[in-house]
Amino acid sequence: MMDGTGMSHIAASAAWASIWYAGKRVLVTGGTSGIGAGIARGFVEAGANVVIAGRDAGKLAQVKKEVGDGGTTIDTIMCNIRNEAEVTATPPVAKPRKGK
């Protein structure tokens, strides 16, 4: 389906995502497979610097390789977001940076 500019809605959404997320830092939990991995990929394609959190180190490494960097930074952290102690102990790589 095209909009008034002749762009498909998907292309228009991708263009807006690039405007909103380029250079920003985002955290994707559950990013080792399925929807989470797809979301991480979408953020990379939009130019975001992505932190992917998951419970399996092997899957984190695999999804990081599959997503590619697209010229952005991808960091991974092992963290079970259902465990408050793990979330509290999350390394600084996943914590927000001023202005990002």
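The model is predicted. The protein has four helices and three strands. From the N terminus, the elements run α-β-α-β-α-β-α. Of its 100 residues, 28% count as buried.

- The accessible surface of the protein comes to about 6,500 Å². Carbon and sulfur atoms hold 58% of that surface.
- Take the contacts between residues at least 6 apart in sequence: 51% of them join residues at least 24 apart.

**Helix α3**

- Helix α3 spans residues 57-67. Leu60, Val63 and Val67 are its buried residues named here. They lie on the same side of α3, because they cover an arc of only 70° around the axis.
- Cover for the buried residues of α3 includes helix α2 (34-45) and the strands β2 (49-54) and β3 (74-78).
- The N-terminal end of α3 is capped by Asp56. A side-chain oxygen of Asp56 lies 2.9 Å from the backbone nitrogen of Gly58.
- Gly68 follows α3 and has a positive phi, near 75°.

- Gly68 sits in the loop between α3 and β3. It is partly exposed, because its relative accessible area is 25%.
- Beyond its neighbours within four places in sequence, Gly68 is in contact with Val44 and Ile74.
- Glu45 is 23 residues from Gly68 along the chain. Their C-alpha atoms are separated by 9.4 Å.

**Ala40 in helix α2**

- Ala40 belongs to helix α2. Its relative accessibility is 0%, so Ala40 counts as buried.
- Not counting residues up to four places away in sequence, Ala40 touches Val28, Val50, Ile52 and Val67. Val67 is also one of the buried residues of α3.
- Val63, another buried residue of α3, is 23 residues from Ala40 along the chain. The C-alpha atoms of Ala40 and Val63 are 8.9 Å apart.

**Thr32 in the β1-α2 loop**

- Thr32 lies in the loop between β1 and α2. Is Thr32 buried or exposed? Thr32 is buried, because its relative accessible area of 18% is under the 20% cut-off.
- Leaving aside neighbours within four places in sequence, Thr32 is in contact with Ala37, Ile52, Gly54, Asp56, Lys59, Leu60 and Val63.
- Among these partners of Thr32 is Asp56, the residue that caps α3. Leu60 and Val63 are partners of Thr32 too, and both are buried in α3.

**The salt bridge**

- Side chains of opposite charge can pair when their charged atoms come close.
- How many salt bridges does a search of the whole structure find? The search finds one.
- The side chains of Asp75 and Arg25 form a salt bridge, at 3.0 Å from N to O. This pair links distant parts of the chain: Asp75 is in strand β3 and Arg25 is in strand β1 (residues 25-29), 50 residues apart.
- Arg25 counts as buried, because its relative accessibility is 14%.

**Asn49 at strand β2**

- Asn49 is in strand β2. Its side chain reaches the backbone nitrogen of Thr73 at 2.9 Å.
- Apart from neighbours within four places in sequence, Asn49 is in contact with Gly23, Lys24, Arg25, Val26, Thr72 and Thr73.
- Arg25, one of the contacts of Asn49, is the salt-bridge partner of Asp75.

**Gly47 in the α2-β2 loop**

- Gly47 is in the loop between α2 and β2.
- Setting aside neighbours within four places in sequence, Gly47 is in contact with Tyr21, Ala22, Gly23 and Thr72. Gly23 and Thr72 are also among the contacts of Asn49.
- Gly47 and Thr73 are 26 residues apart in sequence. In space they are 9.1 Å apart, C-alpha to C-alpha.

**Surface patch**

- Ile19, Trp20 and Tyr21 form a nonpolar patch on the surface. Together they have about 370 Å² of accessible area.
- Tyr21 is in helix α1 (residues 9-21). With 34% relative accessibility, Tyr21 therefore counts as partly exposed.
- Tyr21 is also one of the contacts of Gly47.

Definitions and conventions: Residues numbered from 1 in each chain as written. Predicted model: local features only at pLDDT ≥ 70, side-chain atom pairs only at ≥ 80, totals over all residues. Heavy atoms only, no water. Patch = residues over 30% accessible without salt bridge, like charges linked within 9 Å, V, L, I, M, F, W, Y side chains within 5 Å. Areas by Shrake-Rupley, 256 points an atom, 1.4 Å probe, with all protein chains shown as cover. Salt bridge = Lys/Arg side-chain N within 4 Å of Asp/Glu carboxyl O. Helix = DSSP H or I, 4+ residues; strand = E, 2+ residues; numbered from the N terminus. Buried < 20%, exposed > 50% of the residue type's maximum accessible area, 1.4 Å probe, protein only. Arc of directions from axis to C-beta. Contact = heavy atoms within 4.5 Å. Polar contact = N/O pair within 3.5 Å; in protein donor to acceptor, adjacent residues only side chain to side chain.
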